[in-house]
Amino acid sequence: MKTKYLLPFLCAALVFGGTAAFSAEAGAVEETVPAAQAESGAEEASWTDFQITIDGDVYTLPMLYEDFSAFGWELEDEDDAGDTLEPYSYNLYSFRKGDLTITAYVLNLGINTMPIEECIVAGFSIDDDCWSGQETLVELPCGVRLGQSTLEDIETAYGAPTEIYEGTLYTQYTYEADYNQEIELQVFLESGVLEDIQIENYARPEGFDEGEMSTEVPQSILAYAKPDSLNADLSAYEIEIDGCCYELPVPVSVLLEDGWELDEEDSDSQIVAKYFGWVTLRKNNQSFSAIVTNDADYATTPENCWVEELSVGGDILDLDGALAGGVRIGLSEEEFLAILEENGMEYEYTESGDYRYYTYNSSSYGSGCEVMIYVGTNSYFEKDTIIRVSCEKG
């Protein structure tokens, strides 16, 4: 089963069945909802309460996994027990209760990778193909019922939908309260009644424990070996800054050992498991900001994370710098191109104003080297020379 991720600052809408993006700060719906289920019947609620009544039991989404399972639902596939979810990711799991089957959206809004049993249930998908012939009553607020309600009934109860899809088999009404807070109701043309229900609410439920940060240094960080000098091979992802050489990605702790200091006021205090954050590093009146990634299964400090991209020169850092293979600041464009040609290295270049940018060694997405060459005449930079070098290894 493929894990889905929620990253709305990269992707405007959630894409089911694929991988999307999610921001720890901006993506999750921040309000909390009561973990305890409502005692009143569904007819007294609004659809925005995200309640659904199944065989007399009222479920309010989102809810803790343990509260959901307390209603008697069990994983249909025993092999799914003990599955883990990374922060801000979810999976669809099939649950069974007697002769009934339901698909639940299990979501991790914690800061550590967690077993699904410690996560939340944020949505349900109910297909009438699995419920037809059952005497079980499935009811949404205001009396909207599976297998009974028509489009007219739904619109009378909830008003005009946010979105309407009219297909060859069914008409779907979507009611959206906010991002990742919606219900989708499918009324099939042949039967004329509601057959499929999808209800989701990705808010953080009251009582959910997001976990604690650990300061334990990940083994991958401990295993990092800093190079003494730059590799002669152009394909090495290495950079030299002010006499110090680094293979990328490089731990933040290694940069700190070389005299850089973490600006705590301008840096994230913790980085969520398998996620990223921002840091600002300062040294001798020089500073730069960088994205850092955490490859551990637990949230940790930025010192225990990785910097995947470093740049030096230009208006980034007024320091000496170089890349593997003899490419360094101050080299002429002619000398640089000769090095690329001698090593059979392919490259691309673009021009923008007084600058020319060359990229090479791009073996995969998020990896590559770049040099910036000044081609203008009205600057303290020397014309047609490298003024900045950058290296990235994702």
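**Labels and the values behind them**

Reply: Happy to. This is a predicted model. A hairpin is made by β30 and β31, with six residues between them, and in its turn Asn 361 has a positive phi of about 60 degrees.

Me: What makes β30 (355-360) and β31 (367-374) a pair of strands?

Reply: Pairing asks for at least two bridges between the strands. β30 and β31 are joined by six bridges and run antiparallel, so they qualify as a pair. One example is Tyr 360, whose bridge partner in β31 is Cys 369.

Me: And what joins β31 to β32?

Reply: Eight bridges do, and these strands also run antiparallel. Ser 367 has Lys 393 as its bridge partner in β32.

Me: Why is β31 called largely enclosed?

Reply: Seven of its eight residues are buried, so β31 is largely enclosed by the rest of the structure. The cut-off for buried is under 20% relative accessible area.

**Helix α6**

Me: How do you know that the buried residues of α6 are on the same side?

Reply: Those residues are Glu 333, Phe 336, Ile 339 and Leu 340, in a helix that spans residues 333-342. They cover an arc of only 125 degrees around the axis, and that places them on the same side of α6. Glu 334, Glu 341 and Glu 342 are exposed on the other side.

Me: What do the buried residues of α6 pack against?

Reply: Their partners are β28 (327-328), β29 (347-352), β30, β31 and β32 (385-393).

**Salt bridges**

Me: What makes Arg 356 and Glu 333 a salt bridge?

Reply: The nitrogen and the carboxyl oxygen have to be within 4 Å. For Arg 356 and Glu 333 the closest N and O atoms are 2.7 Å apart, so the pair meets the cut-off.

Me: Which salt bridge does Arg 356 form with Glu 351, and how are the two classed?

Reply: The closest N and O atoms of Arg 356 and Glu 351 are 2.9 Å apart. Arg 356 has 15% relative accessibility, so it counts as buried. Glu 351, at 48%, counts as partly exposed, since exposed begins over 50%.

Me: How do you know that Asp 315 and Arg 388 belong on the list too?

Reply: Their closest N and O atoms are 3.9 Å apart, and the limit is 4 Å, so the pair counts as a salt bridge. Asp 315 is in the loop between β26 (309-313) and β27 (321-323) and Arg 388 is in strand β32, so the pair ties together parts that are 73 residues apart in sequence. The two ends are classed in their own ways: Asp 315 is exposed at 70% relative accessibility, whereas Arg 388 is buried with a relative accessible area of 14%.

Me: How many salt bridges does the structure hold?

Reply: The structure holds 13 salt bridges.

**A buried loop residue and an open sheet**

Me: Why is Thr 301 called buried?

Reply: Its relative accessibility is 15% and the cut-off is under 20%, so Thr 301 counts as buried. Thr 301 sits in the loop between β24 (286-293) and β25 (306-307). Leaving aside neighbours within four places in sequence, Thr 301 is in contact with Met 213, Ser 214, Thr 215 and Ser 269.

Me: What makes β21 and β22 edge strands?

Reply: Five strands form an open sheet, in the order β21-β25-β24-β23-β22, with antiparallel pairing. β21 (250-251) and β22 (261-262) each pair on one side only, which is what makes them the edge strands. Within this sheet, two bridges join β24 to β25, and Val 292 has Val 307 as its bridge partner in β25.

**The nonpolar cores**

Me: Which residues touch the most other members of the largest nonpolar core?

Reply: Phe 95 and Phe 124 do, in a core of 53 residues. Strand β9 (residues 100-108) gives the most to this core, with six residues. Apart from it lies another core, of 42 residues, including Leu 248, Leu 323, Val 327 and Ile 373.

Methods
Residues are numbered from 1 along each chain as its sequence is written. This is a predicted model: local features need pLDDT of at least 70, side-chain atom pairs count only at pLDDT 80 or more; totals for chains, interfaces and linings use all residues. Side-chain values use heavy atoms; hydrogens and water are left out. Buried means under 20% relative accessible area, exposed over 50%, partly exposed in between (1.4 Å probe, protein chains only). Helices (H or I, at least four residues) and strands (E, at least two) are DSSP runs, numbered from the N terminus. The arc is that of the directions from the helix axis to the C-beta atoms. Contact means heavy atoms within 4.5 Å. A salt bridge is a side-chain nitrogen of Lys or Arg within 4 Å of a carboxyl oxygen of Asp or Glu. A nonpolar core is a set of buried Ala, Val, Leu, Ile, Met, Phe, Trp, Tyr and Cys residues joined through side-chain atoms within 4.5 Å.
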